[in-house]
Amino acid sequence: NGDPLRIDPDVRLIPSAIGGVDDPFSWITYAGRWGEREAWVYDGPTGPAFKSQWSAPFSWMTRLRADSIRVSGATVLGPAPSDIFCGIVENSSTLLTLSKPYPLLVVGMLVAGLALLVAFVRVSWPLLRETWQVYRSHFLVFAGIGSITIPATLLVSALQFLLAQSPEFASLTTLTEDSAEVEFLMSTAALFQSGLLFLVVTPAVIQAVGDSAAGKTPSVRRSLREGLRKLPDYLWTVLRALVVVILLAITLVGIPWAVNRFVRWLLGEYAAVLEGIRGKAALERSATAIQGHWWQAAANWGVLAFLGGTPGIIVALVLMILVRFPIDAANSVASLVYAVSQPFATAGLAVLYLRWRGGGGVAASPPTAKPSRPRPRAGTPGGLVPMLRHR
């Protein structure tokens, strides 16, 4: 404590020529590292006199960027590419830091992760082929169902563009891209889109796959109408499963049981829409279908969820990195792609339920094949693809 001590710095100019080791400014000529000696980027920096900021400050300043990238705090439909990019950079930096003291651990984690990815893709490959044939055969139907989330994205993108590119519009509305009102509007639009995806698009896609499996020609209007009609069964089933899983998870010790129930009930909402049942009956039907396929169900769900969200992220990152697209606009493009790719993931789980329901058989197929009926193509599990093919 005591009286404060006032220190007045003495500014001195460093001469351009250093006389020798006895010169008071000889420290400038030190060519070693100013800090701890480490490998690569973690090595201590060199002295200031060995940098262009010192030797050519004006030309160095001309290479500096004028501003930093602005990242919006508003949410978007599906994974936000900007958040994914930041997460990838952060986690890669962490692995790079850990690779110095624990090289074997980092290499082992990477190899294990790659092996797990390959195993998941290998398990899911037959389902992906079946789903792709169904999705491709009725692409316009699935795209039409998913497109109902697009208008909100276009409106938000138009607002972002006007605020960023039109000073007159920004002055007229007294808003900026960082205004609380704009952030609230974009977040509300994303919430509205997510609600449409969950309550309208998902049941409609499940219905479209069911119609295809039953030999009917799916349509956007019928899928939406039947999906909304079965919405109470679908919603009650999802809420029942969600409450049980959350209650188990918040106990911490119940997390393993929560994970087990999550996978066992993974196809509950699909049973609700395709079978017209709800709640406990639908979840039990899902558990029966997944019995003996727990790991396959988890792998298929993981791969389909990845494929449902990845295309939009890839497109947006390419636009941001290679085309220097504005981040908000790239996020909006990702939302548009997500609206088309997410139905693929939903259709995949619907195909999986149709393959496994009834304890492993495909109940939608006739019990006895007619002699004239073409046999399933070799390599097609359960013969589901021919049955789901557009007739």
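Helices here are DSSP runs of H or I with at least four residues, numbered from the N terminus.

**View 1. Confidence along the chain.** This is a predicted model. The chain has a mean pLDDT of 81. Of its residues, 87% reach 70 or more. Residues 359-391 have pLDDT below 50. Beyond near neighbours in sequence, this stretch makes 53 contacts in the model.

**View 2. Helix α5 crosses helix α15.** Helix α5 spans residues 139-146, and helix α15 spans residues 327-356. The two pack at an angle of about 115°. Their axes lie 8 Å apart. The crossing of α5 past α15 is right-handed.

**View 3. Side by side at the α5 and α15 contact.** From α5 come Phe 139, Phe 142 and Gly 146. From α15 come Ala 339, Val 340, Pro 343 and Ala 347. By class, 6 residues of this contact are nonpolar and 1 is polar. None is charged.

View 4. Helix α12 covers residues 268-275. Of its 8 residues, 7 are buried, so the helix is largely enclosed by the rest of the structure. The buried residues are Gly 268, Glu 269, Tyr 270, Ala 271, Ala 272, Val 273 and Leu 274. They pack against four helices: α8 (180-213), α10 (231-249), α13 (279-290) and α15.

Technical notes
Residues are numbered from 1 along each chain as its sequence is written. This is a predicted model: local features need pLDDT of at least 70, side-chain atom pairs count only at pLDDT 80 or more; totals for chains, interfaces and linings use all residues. Side-chain values use heavy atoms; hydrogens and water are left out. pLDDT is the predictor's confidence in each residue, from 0 to 100. Contact means heavy atoms within 4.5 Å. Axes are lines fitted to C-alpha atoms, for helices over the stretch in contact, and angles run from 0 to 180 degrees between N-to-C directions. A crossing is left-handed if the near helix is turned anticlockwise from the far one by less than a right angle, and right-handed if clockwise. Ala, Val, Leu, Ile, Met, Phe, Trp, Tyr, Cys and Pro count as nonpolar, Asp, Glu, Lys and Arg as charged, and the others, Gly among them, as polar. Buried means under 20% relative accessible area, exposed over 50%, partly exposed in between (1.4 Å probe, protein chains only).
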